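Which residues surround the ligand, and what lines the pocket?

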Amino acid sequence: MRFFLDTANVEHIKHGVRLGVISGVTTNPSLVSKEGEVNYQELVKEICSIVPGPVSAEVLSTEAEGMILEARRIAMWAENVVVKIPATLEGIEATSVLSKENIKVNLTLCFSFNQAMLGAAAGATFISPFVGRLDDVGEDGMQVVAEVVDYLEHYQLPSQVIASSIRHTQHCLLAARAGAHVATVPYKVLLQMINHPLTDIGVKRFLDDWRGIFGNTTVVSR
Ligand code: E4P
């Protein structure tokens with residue numbers, strides 16, 4: 001499973017890329033709003049220049065025609081940009097047109113297997129089931145991920161599933177077990193993934209034992 005960062009914060013994205021584990025980014029209008037009154041196009045272009053993979057930028061139109069016009073513009077901003085289109089009827093129509101023009105679409109706000117099947121049929125490159133938001137309303141978000149992954153595999157369809165709306169590290173494990181191609185994780189969750197108290201205790205103990213005998217903490221002679 002690959003990891004994308006679910007943020008529009010440039011510093012967080014730079015850190016994720018530096019770690020070498022982030023191969024894409026997903027933004028949405030709420031995440032961009034958190035960065036203040038930025039120039040959307042400039043911000044997306046900057047993120048695209050930092051990230052070695054797909055960067056999703058969302059349209060704001062709610063009608064197919066407007067979505068298509070916005071998507072064509074967004075697609076010109078960078079080679080690695082992917083246009084996020086909501087899983088509505090208008091969104092499916094726009095996805096069908098855009099995929100025929102080889103514009104990559106991330107079908108966002110996907111909450112059901114049915115929506116995902118239509119997204120795949122329309123040619124979406126990525127399909128994003130929103131796991132956390134489904135869990136919030138008492139549904140099993142990861143079940144949708146697993147069903148869509150199986151479906152795509154069974155029919156050998158090229159769309160990839162991005163487990164989205166990830167809220168905690170347990171979601172990352174479950175997304176991998178469900179076979180998601182990608183998990184898009186908030187920066188906070190990325191940092192939490194590496195944490196384990198036994199690792200910290202272990203590092204301290206190794207250093208203490210070494211220092212007790214050698215009196216320093218270097219293995220490289222200067
Ligand atoms: C995915 O592409 C979305 O940006 C994101 O995962 C939404 O997550 P939220 O439910 O935490 O807003």
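## Residue classes and the ligand shell

In the classification used here, Ala, Val, Leu, Ile, Met, Phe, Trp, Tyr, Cys and Pro count as nonpolar, Asp, Glu, Lys and Arg count as charged, and the others, Gly among them, count as polar. The model is predicted. By these classes, the shell around the ligand consists of one nonpolar, four polar and four charged residues.

The residues that surround the ligand are Asp 6, Thr 26, Asn 28, Lys 84, Phe 130, Arg 133, Ser 164, Ser 165 and Arg 167. Phe 130 belongs to the nonpolar class, whereas Asp 6, Lys 84, Arg 133 and Arg 167 belong to the charged class.

For Lys 84, a polar side-chain atom is placed 2.6 Å from an oxygen atom of the ligand. The side chain of Asp 6 has an N or O atom 2.7 Å from a ligand oxygen atom. For Ser 165, the distance from a polar side-chain atom to an oxygen atom of the ligand is 2.7 Å.

On its own, the ligand has 340 Å² of accessible area, of which the protein covers 85%.

## The largest pocket

The ligand sits in the largest pocket, whose volume is about 420 Å³. This pocket is lined by 26 residues, and those closest to its centre are Asp 6, Asn 28, Leu 31, Lys 34 and Pro 186.

At least two lining residues come from each of α2 (29–33), β5 (105–110) and α10 (187–193). The largest share, three residues, is supplied by α10.

Definitions and conventions:
Residues are numbered from 1 along each chain as its sequence is written. This is a predicted model: local features need pLDDT of at least 70, side-chain atom pairs count only at pLDDT 80 or more; totals for chains, interfaces and linings use all residues. Side-chain values use heavy atoms; hydrogens and water are left out. A residue is near a molecule or strand if one of its heavy atoms lies within 4 Å of it. A polar contact is a pair of N or O atoms within 3.5 Å; within protein, one must be able to donate a hydrogen and the other to accept it, and residues adjacent in sequence count only if both atoms are side-chain atoms. Accessible areas come from the Shrake-Rupley method with a 1.4 Å probe; for residues, only the protein chains shown count as cover. On a 1 Å grid over the protein atoms alone, a cavity is a set of points where a 1.4 Å probe fits but cannot get out, and a pocket is an open set with protein on both sides within 12 Å along at least five of seven lines; lining residues have an atom within 4 Å of a point. A molecule sits in a cavity or pocket if more than half of its atoms lie within 2 Å of its grid points. Grid points are joined across faces, edges and corners, and a volume is the space filled by probe spheres set on the points. Helices (H or I, at least four residues) and strands (E, at least two) are DSSP runs, numbered from the N terminus.
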